[in-house]
Amino acid sequence: MLVSIKWLKDYVNTQDLPADELGEKITRAGIEVDAVIDRSEGLSNIVVGYVESCEKHPQADKLSICQVNVGDETDQIICGAPNIAAGQKVIVARPGARLPGGMKIKKAKLRGEVSNGMICSLQELGIEGKLVPKAYAEGIYVLPEEAEIGSDVITNFDLDDTVLELGLTPNRADAMSMLGVAYEVGAILEEEVKLPEISYPEAEQTAESMLTLQVDAPEANPLYAAKVVRNIKVKESPMWLQQRLMAAGVRPHNNVVDVTNYILMEYGQPLHAFDYDALGTGNITVRLAKKNEKITTLDDTERTLSPHQLVITNGEVPVALAGVMGGADSEVSDSTTTVVIESAYFASSSIRETSKNHGLRSDASSRYEKGVDPNRVIPAAERAAQLLSELADGEVLAGSVIFDELDKEEKIVTVSPDFINSRLGMKIPFEEMLDILKRLQFNTEAANGQLVISVPTRRQDIQIEEDVVEEIARLYGYDEIPATLPETEAAPGGLTPYQAKRRIVRNYMEGAGLLQATTYSLTSEKSATQFALTETDVTKLLMPMSEERSVLRQSLLPHLVESVSYNTARRMDSVALYEVGSVFLKTDDELLNEEEHLALAMTGLWLDNSWQGEKKPVDFFVAKGIVEGLAEKLGVQLEFERGEMNDLHPGRTAFIMMDGRRVGVMGQLHPSEQKQRDLKTTIVMELNLAALLSVETEALVYTPVPRYPSISRDIALVLSKIVEAGTIETVIRNAGGKLLKDVRVFDLYEGDKLEEGKKSVAFSLTYFDPEKTLTDEEVTAVHEKVLSALTEVGAELRS
Amino acid sequence: MEEQLQALKTEALEKIEAAKDVKELNNVRVAYLGKKGPITDLLKGMGKLPAEERPKMGALVNVVREEVTTNLEERMAVLEEQAINEKLQREIIDITLPGRPVKTGNSHPLTRVVEEIEDLFISMGYEIAEGPEVEKDYYNFEALNLPKGHPARDMQDSFYITEDILLRTHTSPVQARTMEAKGGEPIKIICPGKVYRRDNDDATHSHQFTQIEGLVIGENIRMSDLKGTLSVFAKKLFGEEREIRLRPSFFPFTEPSVEMDISCFKCGGSGCNVCKKTGWIEILGAGMVHPNVLEMAGYDSDRLSGFAFGMGPERIAMLKYGVEDIRHFYTNDIRFLSQFNRTEV
Ligand SMILES: [Zn+2]
């Protein structure tokens, strides 16, 4: 809502406060002023000029040489506008004048001809192009004949004005009108509100004699009022009206349309003007549309209607989409002589539906959607009659044609002062409350210590006691509220075990050298199931904004890998990211199974200490080490099983198992996937974090520090390449029994000193007895068992 | 024999003096003082001397031996020190070369902000509540006093999956669920999480972002309690000198509703580009829980009251760290992420 302060002063005394100060007061009381716009900013020395003559420039087709009377002299000005002509009154920026954007007008020569200034368009005065009347959109603006030559354009045409741009919340529909804003400002400044005085001459003939009305849908349209005005002259509106509309962000058209828009801004009541003759039937019938009925609206679009949409008809065919947009056939044109002015109350649900179905939103529909004031419908129609009489020389027929079943009663809200004070934590005196309600112009009675408030119908947001609490508090001043803390039981706060462990996981991942990433949950249909641990049907949005963000992810990895690519494409070759986030799996239930996962993606060098010759590229085992460390941290047992998954390297993929259940996957991206994403070796991992974190870990009890030494024996084994170290380790552990405390791989050799198809793996075995110092013989006895078990599975000792 | 002894001594002392390192000196020691050395030989040869000369000669040999030994030890000390110095000289390193890097990662800046807020409220006795990101229309809207067709639903255009299921547009449904679960008992919670709205991604909008909300319900919870709580929050997060101010606003789930501004932490209130010359920065929305919301969750709104507040960690991070584009939080450029590594206090 754009509020011209000059216009506002018609209704309320603004105490000549500077605009900034007024804006600040309005903001602090509850309606945010988003901007304070000085309409004359950067303008000076701009006067009314009279074009005495206008001739083509001899050197330039598109330029005219004009002799312009600017009051104290007649100056030659070169003008490039196509619509310039002798006899016009125009806006002249004289030498020394300033225009918005810091432009300064100087005496100049254009193709050899002197120009003493510039003839201006409205755009050049800083008015947005879309607000300039169509006739002047492509050229200079022509002032009305009565404009006084040499007079100051800025002051004479109301450009010395400031506009407040209000950011309205949906509850304050009352402030979508100048009168509503006047009531608000009046309450803040403790000033009275002056309503427009309405009086006009009426013809003897009655409106009812020319127009009949029938309302077939009283629920959607409980009040319909029409005025008939004849013998009107459709023409340009006077300057003051055009300026007010432009200040309010509305483009002027002609006096009839401008009057309806003016009253929309003034009262917040949408009006519509029909060409009476174009209606053709002398009848208006409001009803629900018939199936497949059609109407061409003012925007020249043919629209097909459906049965729940409310339409205005001429008794035969639709002539307007009620409250949303008029029809093209009954539009007021230059040749219109008689108009029907409609002022109606349409139910907000009906308008919302129609407006949504046709994707049409107008100043009118948005006001109806939020609810208009039932008590302003008829005054607005009267106001229109008055202005058409004054500005279009119209003859207003006596009375109105009215259908009225609308409840216009004021709502009563009763509230106790104690309630107000206890909600606020304040001690506002009763008298003070009464005074605030008076400033708001809410009729209030004090009965049995209670406030009995009649809420004006313009304030439909005031329904319950709490609404009154807010009204009192905001006008009393939020700064007056003291700062206290809740007097609740002192219970300790904290994280749940799950939340605490999730933080531990994150700290661990970061300690391990990974950066935490955050990616989007919405993805493309193609990526939705890539790398999914558990694949389900995809979950699609009903109305996605793009294909890229149309489906919920089932794995964190596609976007995480994309983030890795993003970095490598910018020459950051070493990237290690992790993410904690939910994946979304379809279930039989209405809601999805949202599983919290942990993912990792890394590429490039893991360790880079070049000058000491240490360079360790990222590989499978770097990531595996991180997972193993995590399992240790969480006290869970994870196992790795060779596996296969689309887009992962078939020989370098493992499933991560917990209690025989698959809880994760890790591996290297498939070379073709790497190529497609323009990546070098990239390792990824994803774990069902929720599964890991929901394992209850045992209480931590210390094991005594060993009192006896342990003994190590190393063995190097020659194995077939297809035999996995893990299998051999299991054989060793099983054979080693209780005394074998630890088994560790310390070397792997696959070179040409071995037979084809063989590899050598060296293990270090640690024997230990917590009760005593082991003797060599005791160790040898067990170690022999291990060696024979190894021989049985075909592992040879390497000599 | 005495002459012989003196000559030997002179010779030994010369050799000691000439020894260039510990090894050479040890050779001298062995050569002159060792078991097979000339001094030992002389002592052994004493038996041939007349008995009366023996004590005198013996004393003389000992004196020579002492002298040679002392000289040798002194020389040894010098050479040892010299050897150590040479070793130290050889072992000089260029301490300006870089250290072996310790690889550390760090949290995402949004996590950093969220955790800081969580920890502050935990210290004031709050618990952390979480809930699903894909939510029922009922919890996302209806239970929060936003019935179907409510004009305020336009404020948050949403991603629907079916007519009744959508991606939550705020974390408030977690409040509704918690209230329902608590069955009328007092509540003190903080709800962080991801939320989604139908916005085109640009410098200030993101279709996915995070929110953190708080809810307190109890007997006689007042608006002054809200103001006091938010004041503690503002000072903790943005500095002890911060002032707060409340402005009336509108949210369907609170009444009265407010927006909270803090005094600008950059200019202190005199006006700058961060606060757009106003001296104040808008941080969050809040209010007293609407009685309809309490009643829908089974709370007696005559007996209990509450307050709620909500804010955007993105906005807070953007203000706190001077980040100009919200998309930085979701592109995961490591040159951005790795800046949030160090401590701030
Ligand atoms: Zn500032």
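Two strands count as paired here if DSSP finds at least two bridges between them, and strands themselves are DSSP runs (E, at least two residues), just as helices are runs of H or I with at least four residues, both numbered from the N terminus. Keep that in mind for the sheet in chain B below. First, some ground rules: this is a predicted model, in which local features need pLDDT of at least 70 and side-chain atom pairs count only at pLDDT 80 or more, while totals for chains, interfaces and linings use all residues. Residues are numbered from 1 along each chain as its sequence is written, chains are lettered from A and ligands numbered from 1 in the order in which they are written, and side-chain values use heavy atoms, with hydrogens and water left out.

Let's begin with the sheet. In chain B, 7 strands form an open sheet with mixed pairing, in the order 1-4-5-9-8-7-6. Strand 1 (127-128) and strand 6 (244-251) of chain B each have a single partner strand, so one side of each is left without a neighbour in the sheet. Strand 1 of chain B runs parallel to strand 4 (residues 187-196) of chain B, and 2 bridges join them. Across from B:Ile128 you will find B:Ile190, in strand 4 of chain B.

Now step back to the domains, whose bounds come from an automatic or database domain assignment. Chain B has domain 1 (2-90) and domain 2 (109-337), with C-alpha centres 92 Å apart. Chain A is assigned domain 1 (2-39 + 162-189), domain 2 (44-156), domain 3 (202-404), domain 4 (411-475), domain 5 (497-693) and domain 6 (711-797). Between the C-alpha centres of domain 4 and domain 6 of chain A, the distance is 86 Å.

Finally, look at where the chains meet. Counting heavy atoms within 4.5 Å as contact, 89 residues from chain A and 90 residues from chain B take part. Together the chains bury about 7,400 Å², 55% of it on carbon and sulfur atoms; buried area is the accessible area (1.4 Å probe) that two parts lose on being put together, summed over both.

There are 10 salt bridges between chain A and chain B, each a side-chain nitrogen of Lys or Arg within 4 Å of a carboxyl oxygen of Asp or Glu. A:Arg503 and B:Asp119 form a salt bridge through their side chains, at 2.9 Å from N to O. On the side of chain A that touches chain B, the elements giving two or more residues include helix 14 (497-511) and strand 32 (575-585) of chain A.
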